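The following account concerns a predicted model. It turns to the ligand and its surroundings, and then to the cavities and pockets of the protein.

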Amino acid sequence: MEILYQSTRGNGERITASQAILNGIATDGGLYVPTQVPAFDRPVSAFAGLSYKETAFAVLKQFLTDYTDEELTACIDGAYNDKFDTPKIAPLHEAAGAFYLELYHGPTIAFKDMALSILPHLMTTAARKSGLTDEIVILTATSGDTGKAALEGFADVPGTRIVVFYPKHGVSAIQERQMVTQKGDNTCVIGIEGNFDDAQTGVKRIFTDEGVRKTLADKGFRFSSANSINIGRLVPQIVYYVYSYATLLAEKKIKDGEPVNIVVPTGNFGNILAAYYAMQMGLPVRKLVCASNENKVLYDFFGTGTYDRNRPFILTSSPSMDILISSNLERLIYHIAGDNAETDRALMAKLLSEGKYAITDSMREKLSMFVGGFATEEETKEEIARVYREAGYLIDTHTAVASAVYRRYREQSGDETPAIIASTASPYKFTRAVTEALGIETQGADDFALVGRLSEKTGIPVPAAVSSLETASIRHDTVCEVEEMEDGVKRFLGI
Ligand SMILES: *Cc1c(COP(=O)(O)O)cnc(C)c1O
């Protein structure tokens with residue numbers, strides 16, 4: 001069955017998967033969605049025992065139907081190889097009454113690697129398929145992790161260039177160091193004087209500006225996006241939910257067909273939307289628990305049916321979730337409106353003009369599988385300490401938000417369904433907060449000294465991705481105002 005893609009705000013025009021991946025975002029500002037979510041082509045039990053790559057092939061093949069088997073295999077082989085520090089790619093770790101799905105074994109030790117290691121391959125394959133000769137320019141706004149993962153994925157990939165914007169004062173020291181030391185002649189990293197939403201809005205503006213698009217086209221460049229709005233990021237994220245369920249089956253931790261709960265620390269709503277799609281495909285899921293930090297706009301949305309971004313932006317210890325406009329929620333809105341672009345367009349226009357919108361009761365009814373929760377900064381810290389104390393297992397701040405939300409949900413609901421918690425970053429990526437949470441002295445020590453202290457105290461080895469940073473040389477030092485983002489791009493491209 002061929003799966004085509006259309007814009008959440010569009011007029012019903014349908015394009016192939018490879019075209020949607022190349023375009024990134026639709027010219028009407030909408031996001032590409034599959035016209036139909038395919039059902040699994042085999043019983044779920046048949047996934048048990050498959051390797052990560054085999055699972056990836058099975059899932060991608062159903063969504064990316066205009067790619068040949070050979071093309072998909074090449075993309076998967078290019079992505080899930082020894083850049084990951086375990087052949088399992090996404091191992092499950094049972095601790096403190098839940099299954100932590102470790103999505104941080106890739107080159108940048110955060111879950112964005114799961115999709116961004118394959119996206120460049122999907123994209124350059126798409127370009128080849130359509131006979132495109134333009135150079136692809138990836139523009140990305142990052143709250144910290146996407147940027148580095150995209151840079152790693154695209155660095156020195158022929159026919160591509162990548163520009164990453166990050167909030168200069170909104171990422172961890174280690175995240176910033178990872179980005180500004182990025183190698184690759186086709187890479188450009190710029191700090192902006194603003195927060196993540198400013199960066200994201202700025203990138204969207206450059207993307208949808210006809211004038212800029214034309215100037216670039218004249219010079220042989222073509223924009224695309226590595227943000228989670230690209231469908232080529234979303235689809236590879238479905239894979240690990242299927243894989244983790246199959247792992248539980250293979251290890252006899254659950255019975256065939258037994259439902260699980262999936263708990264996801266959420267920012268832009270991409271990771272949890274992938275879990276929703278996995279469920280639509282037929283994965284036995286009872287609840288999708290959407291965990292927010294103190295920027296709890298999604299928690300409020302699931303509780304009230306009103307999405308309202310008019311609130312202070314709070315900097316937390318889980319910066320990759322410091323987001324007030326969760327872009328991928330638009331896809332869910334479109335689906336619960338009955339795949340209705342008109343409704344979606346109207347609500348998104350309201351979001352832009354008033355900063356809020358409310359969904360109808362019938363739309364709300366279609367959200368019954370979602371549970372919203374949030375954790376405060378204090379609860380997040382306590383959760384890190386508790387899981388370490390009880391299970392000797394160290395989790396990062398983002399994972400701790402999910403873990404704390406899950407614990408409260410389980411206590412309050414009595415729901416004992418086995419739970420998979422998406423573990424989205426290595427504790428060494430957010431070392432200061434994790435070290436503080438364990439009650440280790442942090443005063444006067446920089447983040448790199450803390451890495452040593454944390455490893456000494458816990459005996460958990462420091463990932464090479466962190467230990468190599470200290471001596472890496474700085475290659476990017478540009479900082480600009482939000483209004484200067486477009487100039488930054490043009491300067492890098494030499495136009
Ligand atoms: C990006 C990110 C998240 C949030 O994922 P979304 O898909 O944006 O909801 C959570 N944790 C970490 C560590 C991340 O990098």
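The ligand is surrounded by 15 residues, and the closest of them are Lys112, Asp145, Gly267, Asn268 and Thr424. By class, this shell consists of 8 polar, 5 nonpolar and 2 charged residues.

Asparagine 268 presents a polar backbone atom at 2.7 Å from an oxygen atom of the ligand. A polar backbone atom of glycine 270 lies 3.2 Å from an oxygen atom of the ligand. With threonine 424 the side chain is involved: one of its polar atoms is 2.8 Å from a nitrogen atom of the ligand. On its own, the ligand has 380 Å² of accessible area, and the protein covers 98% of this.

Where in the protein is the ligand placed? The ligand sits in the largest cavity, which has a volume of about 260 Å³. The lining of this cavity is made up of 24 residues, with Phe111, Lys112, Gly267, Asn268 and Ser320 nearest the centre. Three helices, α6 (145–154), α10 (231–250) and α11 (270–281), each contribute at least two residues to the lining of the largest cavity. The class composition of that lining is 13 polar, 8 nonpolar and 3 charged residues.

The structure holds 2 cavities of 30 Å³ or more. The second largest cavity contains about 40 Å³ of space. Its lining comprises Leu139, Gln200, Val203, Lys204, Phe207, Ser225, Asn227 and Ile229. Helix α8 provides the largest share of this lining, namely 4 residues. Sorted by class, the lining of the second largest cavity has 4 nonpolar, 3 polar and 1 charged residues.

Helix α8 also takes part in the largest pocket, to whose lining α8 gives the most, with 7 residues. This pocket has a volume of about 640 Å³. Its lining numbers 27 residues, and those closest to the centre of the pocket are Arg9, Thr201, Lys204, Ile325 and Leu352. Of these, Lys204 is also found in the lining of the second largest cavity. Which helices each supply at least two residues to the lining of the largest pocket? They are α8 (196–208), α13 (329–336) and α14 (341–354). In terms of class, the lining of the largest pocket divides into 10 nonpolar, 9 charged and 8 polar residues.

The second largest pocket remains to be described. Its volume is about 350 Å³. A set of 16 residues lines the second largest pocket, and Lys148, Glu152, Thr181, Lys183 and Ser468 lie nearest its centre. The lining of this pocket contains 6 polar, 5 nonpolar and 5 charged residues.

Terms used. Residues numbered from 1 in each chain as written. Predicted model: local features only at pLDDT ≥ 70, side-chain atom pairs only at ≥ 80, totals over all residues. Heavy atoms only, no water. Near = heavy atom within 4 Å. Polar contact = N/O pair within 3.5 Å; in protein donor to acceptor, adjacent residues only side chain to side chain. Areas by Shrake-Rupley, 256 points an atom, 1.4 Å probe, with all protein chains shown as cover. 1 Å grid on protein atoms, 1.4 Å probe; cavity = no way out; pocket = protein on both sides within 12 Å on 5 of 7 lines; lining within 4 Å. Sits in = over half its atoms within 2 Å of the grid points. Nonpolar A, V, L, I, M, F, W, Y, C, P; charged D, E, K, R; others polar. Points joined across faces, edges and corners; volume = space filled by probe spheres on them.
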